[in-house]
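Good morning, and thank you for coming. I should like to take you through one structure this morning, element by element.

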Amino acid sequence: MRLEWDKLAEDARGRLERLGGNVTALVWRLGYASRFLAYLVMHSGTALKRFRLTMAEIYFAGVLSLIIILVSGLFVGMVLALQGYETLQRFGASESLGVLVALSLVRELGPVVAGLLFASRAGSAITAEIGLMKATEQLSAMEMMAVDPIARVVAPRFWGGVISMPLLAALFSAMGIFGGYLVGVQLIGVDPGAFWSQMQAAVDLRNDILNGVIKSLVFGVAVTWIAVFEGYDAVPTAEGVSRATTRTVVTSSLAILALDFVLTALMFTGGNNG
Amino acid sequence: MNRSTIDLWVGVFVVAGVGALLFLALKVGNLATFSNAETYQVYAKFNNIGGLKVRAPIKSAGVVVGRVADIRFDNESYEALVAMNLDAGYQFPRDTTAKILTSGILGEQYVGLEAGGDGVMLKSGDRLRLTQSAVVLENLISQFLFNKAAENKEPAAEPKK
């Protein structure tokens, strides 16, 4: 009997220790990631001076993501118009379709969906690339040659992603509005004048569009930061790189959704009903 | 893929992205309407502003001539003090009436201006004397019910005489 109690206590202690260990590891990693970001920003001189390096990354993260962003934007806008029309016409407000499509895209769907697509299309690739460079000891080789791998490899990728993300989100929103126009006006037959003029009357430059751009910029920083950090911090084996890639997609998707809530609460609750 | 092709595509991407932003700002948003036009500010006091909001349009004869700049509660008269930015291109007489109206039945509220006959025009800092408050639906309904009740009472009282 006594032996069993001891065993149970031992078991519980082991579990608690593991839990504590996990939490400590998480906080430690967060601190390390923050230090990494600070170091990265301070050593971005090379990436910005030799802008060619960053340009190649904009091509890689931005231009090559264009197809998926544009096609998704188009279809999201088309679906929004279809669904929105169904509901709006019940209240005899089908002229407000433009407002519905534009506001949902500019405020929420543009930054968020573009961010999620960006995380899975470009973020995962960045992690895999940096992780593989680490696994094949290219990063150590650079250090040997007195080249700082963070300045030479990581920083251009970071800035490339940060620059690409707002542009991609804007393209997503514009394409979505075009898709909404296609379905709403061309297919269903909402009056085009009402579609555009109501949209223009309801969408505010500072409250809606600028806030959407700020959101996409924040998401861009978050996703690329997570991607480069996971890559740089990956265990340098095939399995480690694959795990890091998965973690990038999961963590950045969660980060986007959580940040979106916080940013929306900050932006749209206080200012808009004054 | 060599360098110059990459440059071209990055250029195309950046131009398209900035173009999309411009499209959002100009075509979707209302940048063009009253952001940098010259305005002058006038004030009006209302007993009740209903659901009027800052940046609501100010219309005269249905044309947007300005926007609501600020709404405040006046502690001395217990009224709402509304500051309005009017486009400098539109001049109104000093005895202009300001009403709070609703577009449609359940639409947004806006300020309607009705020009008076005075020869002197409004200038910055002036206050509109003649105002009409927003129609509060509850008051309207209760008034209607009171009237109905009063109507019903009279015929019933008649035969008693």
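This is a predicted model: local features need pLDDT of at least 70, side-chain atom pairs count only at pLDDT 80 or more; totals for chains, interfaces and linings use all residues.

Let us start with helix H9 of chain A, residues 205-233. At 1.5 Å a residue, its 29 residues should span 42 Å, and the end C-alpha atoms are 40 Å apart, which agrees.

Next, a helix pair in chain A. Helix H4, residues 66-88, packs against helix H5, residues 97-135, at an angle of about 145°, and the axes are 10 Å apart. The crossing of H4(A) past H5(A) is right-handed. On the side of H4(A), the contact includes A:Ile69, A:Val76, A:Leu80 and A:Gly84. H5(A) contributes, among others, A:Leu100, A:Leu105, A:Val113 and A:Arg121. What is the make-up of this contact in nonpolar, polar and charged residues? It divides into 15 nonpolar, 4 polar and 1 charged.

I now come to the contact between the two chains. Chain A gives 25 residues to it and chain B gives 19. On the side of chain A that touches chain B, at least two residues each come from H3 (51-61), H5, H7 (149-188), H8 (192-202) and H9. Which of these helices supplies the largest share? That is H7(A), with 6 residues. By type, this side of chain A divides into 18 nonpolar, 5 polar and 2 charged residues.

Turning to chain B, we find an open sheet of 8 strands, with mixed pairing and the order E7-E1-E4-E3-E2-E6-E5-E8. Strands E7 (127-128) and E8 (130-132) of chain B stand at the edges; each has a single partner strand, so one side of each is left without a neighbour in the sheet. Within the sheet, strand E3 (residues 63-74) and strand E4 (residues 79-87) of chain B run antiparallel and are joined by 8 bridges. In this pair, B:Phe73 stands opposite B:Ala80 of E4(B).

Is B:Ser4 buried or exposed? The residue is exposed, because 7 other C-beta atoms lie within 10 Å, and a residue counts as exposed at 12 or fewer. Between B:Ser4 and B:Lys148 there are 82 Å in space, C-alpha to C-alpha, and the two are 144 residues apart in sequence.

That concludes the presentation; I welcome your questions.

Terms used. Residues are numbered from 1 along each chain as its sequence is written. Chains are lettered from A and ligands numbered from 1 in the order in which they are written. Helices (H or I, at least four residues) and strands (E, at least two) are DSSP runs, numbered from the N terminus. The expected span of a helix is 1.5 Å times one less than its number of residues. Two strands pair if DSSP finds at least two bridges between them. A residue is buried if 20 or more other C-beta atoms lie within 10 Å of its own, exposed if 12 or fewer, and partly exposed in between; C-beta atoms are placed from the backbone. Axes are lines fitted to C-alpha atoms, for helices over the stretch in contact, and angles run from 0 to 180 degrees between N-to-C directions. A crossing is left-handed if the near helix is turned anticlockwise from the far one by less than a right angle, and right-handed if clockwise. Two residues are in contact if their C-beta atoms, placed from the backbone, lie within 7 Å. Ala, Val, Leu, Ile, Met, Phe, Trp, Tyr, Cys and Pro count as nonpolar, Asp, Glu, Lys and Arg as charged, and the others, Gly among them, as polar.
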